[in-house]
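Student: I have a structure open and would like to go through it. Where do we start?

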Amino acid sequence: MDAQRLKASFAQVAEKGDAVALFFYSDLFVRNPHLRDMFPIGMSGQRDKLLRALGHIVSQVDDLSNLVPFLQQLGRDHRRFGIVAEHYPHVGASLLATLRHFSGPAWSDDIESDWNAAYSLVAKVMLEAADENALSSPAWWNGQVVAVERRRFDISVLRIQPDRPLPYAPGQSVALEVPSRLRHWRYYSMANAPRPDHTVDFHVRLVDGGPVSPVLVRVTQAGDRVRMGAPIGTLTLDDASPRDVLLVAGSTGLAPLKAILEQISGRAVPPRVHLFFGARSRDGLYDLEDLAKLADGFPWLTVVPAVSDEPGGHGFSSLLQSGDDGIEHGNLSDVVARRGPWDGHDAYVCGPSVMVGHTVEQLTRLGVPRDRIRLETFADAQR
């Protein structure tokens, strides 16, 4: 398998954009009509995921140390869709047909051999990971909503009781599916460390046009049912580190960082923790009251709220622990930068992709090594 030839082949095909995924799924369903019911009715999001996954795989085809863990997680994750070994050859045949179609005269026996070898590797790693995972974990967990708090018109906090313990680390996420949006799975982070009663909290923000978030925010009630996939993610606490901790959360990016904060609070001697919580406007600071109570109870915790689209002087200082100046104003990354230095800290950043990118830039400029910054961004995962 020639990695560079494979990358060049995919680059040529990827130029055709959404037509590639549209052709692939059309071919797959024409050849295998029985597979159509495994996918959502609306396929636009699924087509985007296909191209992103293919691009990621091809970009790392010559870096197996990074590619294999990604494929293993992909294999485990596909269990919740009901994907089994017999489906992989069907997918491979349609993938080859798609690549051949969009490559035109550039297609050759050598390129076909490269793609066959690459897909064989992908299928092997994914299947082995799925089979191993099936020995110890269900394909999904059934859950019941036990509480709903609507913090504002577009943000709700849900508490869900899984039908069995959900083994996760604070900072991780699971995919959620609701009965009215079957086969539409969207990722949300647990907002608490594991509890004795196994309940988990989710902070959900409504995304316009999304198939899942409007249901969770506006319609879901106590007693409703959901399904949850297996926990994933690497935004987890470095328990071996002796350094102080910086947490930077934009909007509902607070959820995984609040779980990490709860984990830290269980230490015999917690480190100093600074939590920056940002939103566009003050009513977007939907969890500030609870954070203020935590800061009041934990002398090692400093909470700094910030808003980017309002002038100063809104009087939040009474909600904050003694010594803080109150609400900060400006882009969250700039607020974090001016409250530094942070070069002696481990940093955890979660929120919208632009905010995360700017924060990482500021922290590296201020001397925080990149390998001490763990991050997660929002994209279509939470629609």
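**Aromatic pairs and a helix**

Tutor: W185 is buried, with a relative accessible area of 3% (buried means under 20%, exposed over 50%, partly exposed in between, using a 1.4 Å probe and protein chains only). The model is predicted: local features need pLDDT of at least 70, side-chain atom pairs count only at pLDDT 80 or more, and totals for chains, interfaces and linings use all residues. Residues are numbered from 1 along each chain as its sequence is written, and side-chain values use heavy atoms, with hydrogens and water left out.

Student: Which residues form the aromatic pair that is 5.6 Å centre to centre?

Tutor: F276 and W342, edge-to-face with 90 degrees between the planes. Rings of Phe, Tyr and Trp (its six-membered ring) pair if their centres lie within 6.5 Å; planes under 30 degrees apart count as stacked, over 60 as edge-to-face and the rest as tilted.

Student: Where do F276 and W342 lie?

Tutor: F276 is in strand β8 (residues 273–279) and W342 in the loop between α10 (332–338) and β11 (345–352), so the pair ties together parts 66 residues apart in sequence. Helices (H or I, at least four residues) and strands (E, at least two) are DSSP runs, numbered from the N terminus.

Student: Is F276 buried or exposed?

Tutor: Buried, at 0% relative accessibility. W342 counts as buried too, at 1%.

Student: New topic. How many residues of α8 are buried?

Tutor: Nine of the twelve, so α8 is largely enclosed by the rest of the structure. Among them are L254, P256 and I264.
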